[in-house]
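Please open the model in your viewer and keep the selection tool at hand.

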Amino acid sequence: MTRHPARVGAALAVGSMVSVQLGLAVAVGLIDRIGAEGAAWLRLVWAGVLFLVVVRPRRSSFTRSTFGFCVLLGVVTAVISMLFMAAIARIPMGTASALEFLGPLGVAVVSGRGRGRWVWPALAAVGVVALTQPWQGSIDTVGVGFALIAAACWAVYILLTQRVGDQVSGLQGLGVSMPVAALVASVAVGPVVVPRMTPDMILIGLGLALLVPIVPFTLELLALRRLNTAAFGTLMSLEPALALLIGFLALHQEPGVVGIVGIGFVVVAGIGAARSGARDMPAPVQPG
């Protein structure tokens, strides 16, 4: 019996988000030692090396067009990673995740169809506002700016990931995009961060790269073969809630009553998106 593609896609997306938030909780502890840019560079470089070695991209898997999209995806991946790490160095992890979710929310609104085009994103947006509680206290505007730019890049990332997943077999696309992301990060911040690296930091970076981005980016690629971009974008509303939960468990950041209400809104939105978000013709998953 074939499993419902939307449910499988939703499970993959949730697995990706859990991995991301666990990785970010670990990365927060590294920022004081190697800086936000150092934490981003370390995981991108390890991910690039591992994808290149394990996947071993083949020229025959690409056309000139698909290779170009993979390169562009790598550039966007590097920018998202560095900007988001810079954001969580300045503002709470849950707040940064909620602001970054505005990117997927925009994709959901633009590409959605029917009543759900507005209903689920609207519920998610209410939940995000409840989670961030912008009416309380002062906030670092630079950190907010980093998170908002990362949100715009995330919207582009979703569209590119679906295109690469549809047009390039297996994980060959990530075998190109992740080494490109590592190269971009190395050019941008490598000269500054390499002197900060120690043997123990390099080993920690290997484990961090597995949590973010190797596991989540792989799961997202597979999820977007089953879900349309509107459903995937709305389902990402669960990420701020997961950030709040993991922040509570790992970093001892206690959510208030309003935050818990916000979690309820985004969970309902995520479930609604997953139930109605299967693609008309799910892309075949090839072993690659």
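Is R196 buried or partly exposed? With a relative accessible area of 30%, R196 is partly exposed (buried means under 20%, exposed over 50%, partly exposed in between, with a 1.4 Å probe and protein chains only). This is a predicted model, in which local features need pLDDT of at least 70 and side-chain atom pairs count only at pLDDT 80 or more, while totals for chains, interfaces and linings use all residues. Residues are numbered from 1 along each chain as its sequence is written, and side-chain values use heavy atoms, without hydrogens and water.

Next, select E37 together with R196. The two form a salt bridge, their closest N and O atoms being 2.8 Å apart (the term requires a side-chain nitrogen of Lys or Arg within 4 Å of a carboxyl oxygen of Asp or Glu). R196 belongs to the loop between α7 (172–193) and α8, and E37 to helix α1, 159 residues apart (helices are DSSP runs of H or I with at least four residues, numbered from the N terminus). E37 is also partly exposed, at 27%.

The structure holds 3 salt bridges. Select D200 and R33 for another, with closest N and O atoms 3.1 Å apart. D200 lies in helix α8 (residues 199–223) and R33 in helix α1 (residues 5–55), so this pair ties together parts that are 167 residues apart in sequence.

Finally, select R90 and D140, a salt bridge whose closest N and O atoms are 3.4 Å apart. R90 counts as partly exposed at 44% relative accessibility, and D140 likewise at 26%.

Note on methods: Helices (H or I, at least four residues) and strands (E, at least two) are DSSP runs, numbered from the N terminus.
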